[in-house]
2 protein chains.
Amino acid sequence: MKKAIVLFSGGLDSTTLLYYVKNKGYNPVCLIFDYGQRHKKEIIQAKKIAELTNSEYYVIKFKLNWSGSSLIDLKRKVPFHKISEIGKNRSLPSTYVHGRNTIFLSFAVSLAEAKNIKDIFIGANEVDFSGYPDCRKEYFSAWGKLLSSLGLKNKINIIAPFLKMSKKEIICLGMKLKVPYNLTWSCYVGGSKPCGKCDSCILRRKGFRDAGFHDPLS
Amino acid sequence: MKKAIVLFSGGLDSTTLLYYVKNKGYNPVCLIFDYGQRHKKEIIQAKKIAELTNSEYYVIKFKLNWSGSSLIDLKRKVPFHKISEIGKNRSLPSTYVHGRNTIFLSFAVSLAEAKNIKDIFIGANEVDFSGYPDCRKEYFSAWGKLLSSLGLKNKINIIAPFLKMSKKEIICLGMKLKVPYNLTWSCYVGGSKPCGKCDSCILRRKGFRDAGFHDPLS
C-alpha cells in the first residue's frame, strides 16, 4: 500500500481526513504537532486515533516563543465571536498562530523527501473557517510551485481535499466513513470539556446541526 | 533601526551575512537552529557571535527522526569528496538534511509575521556549494510567491545576497567587514578541531586560498 502523510491534529477535519485517506487505499503516516498549544488534549486524542487506526505517527515538538497567539500564550484569553463574525470582515483572530501551516507543511515535506512519499494531505478548509490566510487555495497552489522548484526526483504533492467543503459536508462524509467523532477534539480553550463558545466549538456545532447528526461530545 | 531576520548557523557564510546585514543598517534578529546536528559546536559559536554583535537571537530546537542524513545520524559517517566532485555530477550527498532550508525559512516566516519584520536574510550560495536543492535561485523565487499568496499586510521578503557569489568573494567581503572568522565554525564532523576533509572544510579552505587570506582556524 502506498504511503501518504496526513497532517493530523485529532480534530474533526483532520480525523475525517485520516479516514478519507485510508478509504482511498493509502497507508497513512500521521504528523502530530506539539507546539505549545493550550488544548494539549488534542495531542492525546490524536495519538489515540492514530493507534486505533493502526497508523504510523510522529509527534514533532517545537516552540514559537515570539508568537503572541492566544492559542499558545496562556496569559491571553481565547476570544468568543458570534457565528456571523467568524471568518468574515474582521482582522486576523488572536487564535491565529503565525506561520503555523507553513511550519507544519515544511516538516511534512522533510518527511516526504526522506521517505520518498509523494502525497501530503492537509484538512484545511476555507468555507467554515476562522479566516486564517494559510487555509486558502492560493496558498496551497504556491506550495506546489515551491516543491516543483526543488527539482526532486520524488515529486511531492500537497492535497487539501476538504478545501471547498462546508463543515456539514465534511461531517456527512465522516459519518459514512464511520469516523469516531467521540474521540476527536476541537475546543481551543484547553479545558477537559468543550467550552462551546470558541470559534472552533461554534463551527463544529453548526456543522453537526447542519448535517443533522448528534455530536457525541455535546 | 529596521529589524531583519538572519538565518544564522555560526558558519562562514551566515556570519559574513550577519555583518553584511548590520552594515546595511539593520538591527538583526538571529535564528539559530538546534536540529540534532552532529557539529553542536556551531550552535555554541553562533550564540557567541550573536552576543558579540549585540544581536537578539532565538534558538529553535526540533528533531527530524526520519532523516537519515549523516549530519544528524551519528551512526553514519560524513563523506569525504575530492574538490572536483563537490556540488557537481553526483547525487545528493548524505549530508543533505531533508527539507532543512524549508523548515528554517518557515520558522523565519512565523517570526516575521508575528513581529512585523519585512526582511529575512539567508546565506545560501549556489556557486561553491554541496549541490543541495534548497540553495538555488528557483527555490527562493518560489518562496517569494508562497509569501505573496498569504496576502499579509506585512509583505515579507526572502533575501539571499550571496546566492551568486563564490566563497572567495564572500570571504573578501567578510574581511572588509572585519568578520571574526576565528569564531566561526564550518566543519561537519563534530570534533573539537576542523577535520579538513569534509565538503564544508574543503570549500572553506578553497575559499580562503582563492581570496588570499589565512584562515584563523587552519
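Two residues are in contact here if their C-beta atoms, placed from the backbone, lie within 7 Å. Keep that in mind for everything that follows.

This is a predicted model, in which local features need pLDDT of at least 70, side-chain atom pairs count only at pLDDT 80 or more, and totals for chains, interfaces and linings use all residues. Residues are numbered from 1 along each chain as its sequence is written, and chains are lettered from A and ligands numbered from 1 in the order in which they are written.

Let's start where the chains meet. On chain A, 33 residues are in contact with 33 residues of chain B. Which elements of chain A each supply at least two residues of that side? They are β3 (56–61), α3 (100–115) and α4 (137–149). A word on those labels: helices (H or I, at least four residues) and strands (E, at least two) are DSSP runs, numbered from the N terminus. The most comes from α3(A), with 10 residues. By class, this side of chain A has 17 nonpolar, 10 polar and six charged residues. For the classes, Ala, Val, Leu, Ile, Met, Phe, Trp, Tyr, Cys and Pro count as nonpolar, Asp, Glu, Lys and Arg as charged, and the others, Gly among them, as polar.

Stay with α3. The axes of α3(A) and α3(B), residues 100–115 of chain B, come within 9 Å and cross at roughly 175°. That makes α3(A) roughly antiparallel to α3(B). Axes are lines fitted to C-alpha atoms, for helices over the stretch in contact, and angles run from 0 to 180 degrees between N-to-C directions. Under 35 degrees counts as roughly parallel, over 145 as roughly antiparallel, 65 to 115 as roughly perpendicular, and the rest as oblique. Which residues make the contact? From α3(A) come Thr102(A), Ile103(A), Ser106(A), Phe107(A), Val109(A) and Ser110(A). From α3(B) come Thr102(B), Ile103(B), Ser106(B), Phe107(B), Val109(B) and Ser110(B). The tally is six nonpolar, six polar and no charged residues.

Now the fold of chain A. It has six helices and five strands. From the N terminus on, the order is β-α-β-α-β-α-β-α-β-α-α. The radius of gyration of chain A is 17 Å, close to the 17 Å that the globule rule gives for 218 residues, so chain A is as compact as a globular protein of that length. That radius is taken over C-alpha atoms, and the rule is 2.2 Å times the number of residues to the power 0.38. Along its principal axes, the C-alpha trace of chain A spans about 50 × 40 × 30 Å. Of the 218 residues, 47% count as buried. Buried means 20 or more other C-beta atoms within 10 Å of the residue's own, exposed means 12 or fewer, and partly exposed is in between, with C-beta atoms placed from the backbone. Among contacts in chain A between residues at least 6 apart in sequence, 75% join residues at least 24 apart.

Next, a helix pair inside chain B. The axes of α5(B) (residues 167–176) and α6(B) (residues 199–211) come within 8 Å and cross at roughly 65°. The two helices are therefore roughly perpendicular to each other. From α5(B), the residues are Lys167(B), Lys168(B), Ile170(B), Ile171(B) and Cys172(B). They meet Leu203(B), Lys206(B), Gly207(B), Phe208(B), Asp210(B) and Ala211(B) of α6(B). By class, this contact has six nonpolar, one polar and four charged residues.

Some single residues. Is Ile32(B) buried or exposed? Ile32(B) is buried, with 23 other C-beta atoms within 10 Å. Its place is strand β2 (residues 27–34) of chain B. Leaving aside neighbours within four places in sequence, Ile32(B) is in contact with residues including Phe8(B), Ile43(B) and Tyr57(B).

Back to chain A, and its loops. Most residues other than glycine have a negative phi. Asn54(A) is not a glycine, yet has a positive phi of about 55°. Asn54(A) sits in the loop between α2 (41–52) and β3 of chain A. It counts as exposed, with 9 C-beta neighbours inside 10 Å. Lys178(A) also has a positive phi, near 60°. Lys178(A) lies in the loop between α5 (167–176) and α6 (199–211) of chain A.

Last, Asn182(A), in the loop between α5 and α6 of chain A. Not counting residues up to four places away in sequence, Asn182(A) touches Pro216(A) and Leu217(A). The C-alpha atoms of Asn182(A) and Asp215(A), 33 residues apart along the chain, are separated by 7.7 Å.
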